[in-house]
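Take a look at the model below.

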Amino acid sequence: MLDYQAHQTLLAGKVILVTGAGDGIGREAAITYAAHGATLILVGRTQSKLEATSAAIEALGAPLPAIVTLDLHSASAADYQGIAAALERQFGRLDGVLFNAGLLGTLCPFEQIREREWDELMQVNVKSEFLMTQALLPLVRLTARQHGDASIIYTSSSVGRKGRAYWGTYAISKFAIEGMMEVLADELENTGVRVNTINPGGTRTKMRASAFPAEDPMNLKTPADLMPLYLYLMGSDSRGQTGKTFVAQPK
Ligand SMILES: NC(=O)c1ccc[n+]([C@@H]2O[C@H](COP(=O)([O-])OP(=O)(O)OC[C@H]3O[C@@H](n4cnc5c(N)ncnc54)[C@H](OP(=O)(O)O)[C@@H]3O)[C@@H](O)[C@H]2O)c1
């Protein structure tokens with residue numbers, strides 16, 4: 001699946017929501033999904049970045065995306081319920097969700113983790129995904145019932161499977177995401193909704209640059225290099241794959 005070759009119409013007619021769609025891996029995934037026929041809902045906190053992603057999609061002649069500007073740090077359950085209701089009204093289906101937005105926070109010794117930053121990372125990386133999943137799930141299940149399948153992808157990290165010194169709250173938040181994926185995948189067995197995580201591995205983005213400022217980014221894979229796996233898990237060729245962590249860059 002790392003060298004998966006998607007048919008150009010793999011996602012035709014599908015409606016897919018991507019969080020953190022204004023930058024990095026999320027931007028690339030949104031554009032790639034649109035290029036394969038999907039209608040995108042672009043979620044993120046910086047309107048101008050979402051508009052830039054939308055313009056890139058429009059330039060491809062792909063279906064025009066919807067933009068939802070939302071700060072996952074301050075958004076409430078009611079906000080997510082509102083999004084779900086709007087999607088149901090406008091599209092009547094939701095075939096896929098890529099939970100990709102995330103914060104790295106400060107890398108520091110455990111004893112120096114500040115409570116305020118812990119709360120912010122847990123809110124953005126974990127609780128917002130829990131609340132949004134709860135809100136969107138009825139429409140995702142309905143879509144799987146009516147159209148055969150649907151896909152939920154969370155974004156993990158190597159430090160979400162094996163803790164590492166100084167990666168504190170970020171690592172702990174990714175362990176939580178792995179747990180959420182496994183619980184949900186088990187609950188949704190036989191519903192047609194598959195639930196998995198992707199661990200992108202070191203990828204040339206702003207987040208990676210802030211974690212490893214001395215590294216030469218030209219030695220890293222780009223978000224575009226990872227897209228075969230992102231396409232495979234979003235499209236129907238991955239039916240039946242659920243409850244798993246997919247590593248985009250195995251050692
Ligand atoms: N790059 C890597 O090497 C790597 C490795 C392992 C895992 N990952 C994971 O991959 C995912 C994508 O990371 P990336 O490298 O593409 O990072 P990135 O370039 O920093 O992009 C992160 C995205 O999340 C959005 N975001 C952050 N806080 C938000 C908030 N409060 N509300 C709404 N949106 C918010 C950002 O929006 P703004 O741009 O508007 O701030 C941005 O679009 C993350 O979950 C990350 O943990 C990355």
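## Helix α2

This is a predicted model. Start with helix α2, which covers residues 47–59. The helix has 13 residues. From its first C-alpha to its last, α2 reaches 18 Å. That is close to the 18 Å expected at 1.5 Å a residue.

Which residues of α2 are buried? They are L50, T53, S54 and I57. Seen down the axis of α2, these buried residues fall within an arc of 100°, so they line one face of the helix.

What do the buried residues of α2 pack against? Their partners are α1 (24–35), β2 (39–44) and β3 (66–69). Just after α2 comes G61, which takes a positive phi of about 80°.

## The largest pocket

Now look for empty space. Rolling a probe the size of a water molecule over the atoms shows where such space is left. The largest pocket holds about 1,200 Å³. It is lined by 49 residues. Closest to the centre of this pocket are N100, G102, T205, M207 and R208.

Which elements give two or more residues to the lining of the largest pocket? They are α1, β2, α2, α4 (115–147), α5 (168–187) and α6 (206–211). The largest share comes from α6, with 5 residues.

The lining of this pocket can also be sorted by class. It has 18 nonpolar, 21 polar and 10 charged residues.

## The largest cavity

How many cavities of 30 Å³ or more does the structure hold? It holds 1. The volume of the largest cavity is about 30 Å³.

Which residues line the largest cavity? Find V97, F99, M132, T133, L136, L137, V140 and I152. The largest share, 5 residues, comes from α4.

By class, the lining of the largest cavity divides into 7 nonpolar residues, 1 polar and no charged. For the largest pocket, the count of charged residues in the lining is 10.

How values were computed. Residues numbered from 1 in each chain as written. Predicted model: local features only at pLDDT ≥ 70, side-chain atom pairs only at ≥ 80, totals over all residues. Heavy atoms only, no water. Helix = DSSP H or I, 4+ residues; strand = E, 2+ residues; numbered from the N terminus. Expected span 1.5 Å × (residues − 1). Buried < 20%, exposed > 50% of the residue type's maximum accessible area, 1.4 Å probe, protein only. Arc of directions from axis to C-beta. Contact = heavy atoms within 4.5 Å. 1 Å grid on protein atoms, 1.4 Å probe; cavity = no way out; pocket = protein on both sides within 12 Å on 5 of 7 lines; lining within 4 Å. Points joined across faces, edges and corners; volume = space filled by probe spheres on them. Nonpolar A, V, L, I, M, F, W, Y, C, P; charged D, E, K, R; others polar.
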